[in-house]
Amino acid sequence: MWWHRCSCVPLRPVYAEFELSLTAMGAKPSGRNVQGQRVCQRRPGSQGTKMEMPLWLAKGLYERKRRVLSMELPKVYREGWRTVFGADPTVVDLHKMGPYYYGLGSQLLHFDSPENPEIANTILQTFIGRFRRTMDSSQNAYNEDTSALVERLDCLERSLFKAGQSGLNSFQLWEKGRSSHLTASSLVINYRKRKITDLQA
Amino acid sequence: MDPAEVEFLAEKEMVKIIPNFSLDKIYLIGGDLGPFNPGLPVEVPVWLALNLKQRQKCRIVPPEWMDTDKLEEIREQERKLDTFTPIPSLYYMELTKLLLNHSADNIPKADEIRTLVKDIWDTRVAKLRLSADSFISQQEAHAQLDNLTLMEINTTRSFLLDSLNYMYKLRSNLQPGRSQDY
């Protein structure tokens, strides 16, 4: 069930500190998930160990009352970077800072850190600040190499960019009159089927 | 929506033609057309006009607004105002493209008209982007834009709706005790 729910959330490691011994809970700290991959290191989970684990596992283990684990915020969401985003969100290379800045940030709010309101606000303001740049670049770059424009964008912004480009491309195609133009499928061209007339020649 | 679908809807608009054949009134599902008498102008939908023109059975009369002076006036007004000016036809872009591609010989100063319409289009789309940006940056919940045509809306529809959806999800993070899964 967890695997299905988190299929769109990547296996992003989150730093978690164990506050209770996991063996005391009767659960094993390591194991294999559905695909047979090692999920975490086999280490006796004693109190206070710092460990990396995927987000979905941390979410599942997290409980406010029993305090199984507490989460350490990745540095992009901390005070220092938050002021950078507040100053000018457009200069940051969001892809390098974690390709899922917005998605991961929204998931981290689940862990009830005291800085949650500021994190949520920063994420929203960053999105709004970068929106104009994304819109302009996606709507004005027709038939060009867009890799330079896209490389500094987070994944969410990239999907927006793609939507803007597809709108622009279909309009330009229509204006040229090629939207009702029949073209051979690329698969057929790649087959390079030999025609019987060519064989006989 | 595809631009081709918007063009299909635009072809329902009526335009005047001067046929060179004669035919009695025809009764179609959408309405009655005709009768056609050579040399006498008659109003038909654009799809029929284009078909007759391609078979060389008529001459298309350009609509009144498709005139360089009128279009220049509209262009100047569009550049002056911040809001969208009412334009004479809701399908000006599609009609320009269709009529100029198929019957440029019937329309005087076709190239100038094409340039003017393109200028008007660019101005309007730039205004649309500006208002979309202010809509998002001020986090408004409701915006009203008058005098927009379907083609303009269609080019920004997927982008704007997706970004508003994402913004809504990020905004609901601000409410305590809720975090979105997506």
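How many salt bridges does the count between chain B and chain A give? The count is one salt bridge, where the term stands for a side-chain nitrogen of Lys or Arg within 4 Å of a carboxyl oxygen of Asp or Glu. The pair consists of B:Asp133 and A:Arg132, with 3.3 Å from N to O. Side chains of opposite charge can pair when their charged atoms come close.

This is a predicted model, in which local features need pLDDT of at least 70 and side-chain atom pairs count only at pLDDT 80 or more, while totals for chains, interfaces and linings use all residues; side-chain values use heavy atoms, with hydrogens and water left out. Residues are numbered from 1 along each chain as its sequence is written, and chains are lettered from A and ligands numbered from 1 in the order in which they are written.

Four residue pairs are in polar contact between chain B and chain A, both residues being at pLDDT 80 or more. A polar contact is a pair of N or O atoms within 3.5 Å; within protein, one must be able to donate a hydrogen and the other to accept it, and residues adjacent in sequence count only if both atoms are side-chain atoms. On the side of chain B that touches chain A, the elements giving two or more residues are helices H1 (3-10), H4 (92-102), H5 (110-137) and H6 (150-172) of chain B. H6(B) supplies the largest share, eleven residues. Helices here are DSSP runs of H or I with at least four residues, strands are runs of E with at least two, and both are numbered from the N terminus.

By class, this side of chain B has 14 nonpolar, nine polar and nine charged residues. Ala, Val, Leu, Ile, Met, Phe, Trp, Tyr, Cys and Pro count as nonpolar, Asp, Glu, Lys and Arg as charged, and the others, Gly among them, as polar. In total, 32 residues of chain B are in contact (heavy atoms within 4.5 Å) with 38 residues of chain A. The buried area is about 3,100 Å², and carbon and sulfur atoms give 66% of this area. That quantity is the accessible area (1.4 Å probe) that two parts lose on being put together, summed over both.

Within chain B, strand E1 (residues 14-19) runs antiparallel to strand E4 (residues 42-45), with four bridges between them. B:Met14 is opposite B:Pro45 in E4(B). E1(B) is also joined by three bridges to strand E5 (residues 58-60), again antiparallel, and B:Pro19 has B:Cys58 in E5(B) as its bridge partner. Strands pair if DSSP finds at least two bridges between them.

Over residues 65-170, which UniProt lists as "domain: GINS subunit" (unreviewed entry), chain B is 69% helix and 0% strand.

Chain A holds a salt bridge between A:Arg82 and A:Glu79, at 3.0 Å. Both residues lie in helix H4 (residues 79-87) of chain A, three residues apart, about one turn of the helix.

Methods. UniProt positions are given in the numbering used here, feature names are shortened, and annotations may be inferred rather than shown by experiment.
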